[in-house]
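Reader: I am new to this structure and would like to know what the terms used for it rest on. Please take them one at a time.

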Amino acid sequence: MTIAWNASYAIGYPMIDAQHQELFKRFNSLIEACQQKKGRQEVVRLFEFLDTYVVEHFSAEEALMTVHAYPEVGMHRKQHQEFSEKLQGWQRHLQQEGSTLGLLIETNEAVMLWLIRHIRTVDMALGKFLHSRPA
Ligand SMILES: [Fe+2]
Ligand SMILES: [Fe+2]
């Protein structure tokens, strides 16, 4: 299962939307790499790359929230932290010997679904807030 970007994921803030689109692209290549039975090394490498990108993306959102004194910054940041921990746990899991291809695919889908839920609720609320601010 790869998931295509669509307009319902847009929060209306171009920099953030571009990063979300990039995340979708990279997740899809990760899921495809698993489905095409590419080597474990390749999958781990893609996952590490994604991990770095997620950290950069979260920092960008958190910087925006700080600059605009967003009241929900604490809750939003907590979700980011929880996800980063989850991501590390998943990565450890993937690096373990004996991890199956099915498990890799399941893991990647779980990561993707978390992100989609986060974008459609918490990031969307941030987008609405930013729009309500005077330019
Ligand atoms: Fe985001
Ligand atoms: Fe976020």
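Author: A donor is an N, O or S atom within 2.8 Å of the metal. The model discussed here is predicted.

Reader: What makes E61, H76, H80, H118 and D123 ligands that coordinate the iron ion (ligand 2)?

Author: Their donor atoms are OE of E61, NE2 of H76, H80 and H118, and OD of D123, and these lie at 2.0 to 2.2 Å from the iron ion (ligand 2). The cut-off is 2.8 Å, so these atoms count as donors. Along the chain, the donors follow the spacing E-x14-H-x3-H-x37-H-x4-D.

Reader: Which residue coordinates both iron ions, and how far apart are the ions?

Author: E61 coordinates both the iron ion (ligand 2) and the iron ion (ligand 1), which are 3.5 Å apart. E61 belongs to helix 2 (residues 40-67) and H76 to helix 3 (residues 73-95), so this pair ties together parts that are 15 residues apart in sequence. E61 and H76 are both buried.

Reader: Why is Q91 called buried?

Author: Buried means under 20% relative accessible area. Q91 has 9% relative accessibility, so Q91 counts as buried. Q91 is located in helix 3. Apart from neighbours within four places in sequence, Q91 is in contact with F47, E48 and D51.

Reader: Why is A69 called exposed?

Author: The term exposed is used over 50%. A69 is at 60% relative accessibility, and therefore counts as exposed. A69 sits in the loop between helix 2 and helix 3.

Reader: What is noted about the phi of A69?

Author: Most residues other than glycine have a negative phi. A69 is not a glycine, yet has a positive phi of about 50 degrees.

Reader: Why are helix 1 and helix 4 called roughly antiparallel?

Author: The axes of helix 1 (residues 14-35) and helix 4 (residues 101-132) cross at roughly 165 degrees and come within 9 Å. Angles over 145 degrees count as roughly antiparallel, so helix 1 and helix 4 are roughly antiparallel to each other. Their crossing is left-handed.

Reader: Which residues of helix 1 and helix 4 meet, and of what kinds are they?

Author: In helix 1 they include H20, F24, F27 and I31, and in helix 4 they include L104, N108, M112 and D123. The residues of this contact divide into 14 nonpolar, four polar and two charged.

Notes
Residues are numbered from 1 along each chain as its sequence is written. Chains are lettered from A and ligands numbered from 1 in the order in which they are written. This is a predicted model: local features need pLDDT of at least 70, side-chain atom pairs count only at pLDDT 80 or more; totals for chains, interfaces and linings use all residues. Side-chain values use heavy atoms; hydrogens and water are left out. Donors are N, O and S atoms within 2.8 Å of the metal (3.2 Å for Na, K and Ca); water is not among the atoms, so sites may look incomplete. Helices (H or I, at least four residues) and strands (E, at least two) are DSSP runs, numbered from the N terminus. Buried means under 20% relative accessible area, exposed over 50%, partly exposed in between (1.4 Å probe, protein chains only). Axes are lines fitted to C-alpha atoms, for helices over the stretch in contact, and angles run from 0 to 180 degrees between N-to-C directions. Angles under 35 degrees count as roughly parallel, over 145 as roughly antiparallel, 65 to 115 as roughly perpendicular and the rest as oblique. A crossing is left-handed if the near helix is turned anticlockwise from the far one by less than a right angle, and right-handed if clockwise. Contact means heavy atoms within 4.5 Å. Ala, Val, Leu, Ile, Met, Phe, Trp, Tyr, Cys and Pro count as nonpolar, Asp, Glu, Lys and Arg as charged, and the others, Gly among them, as polar.
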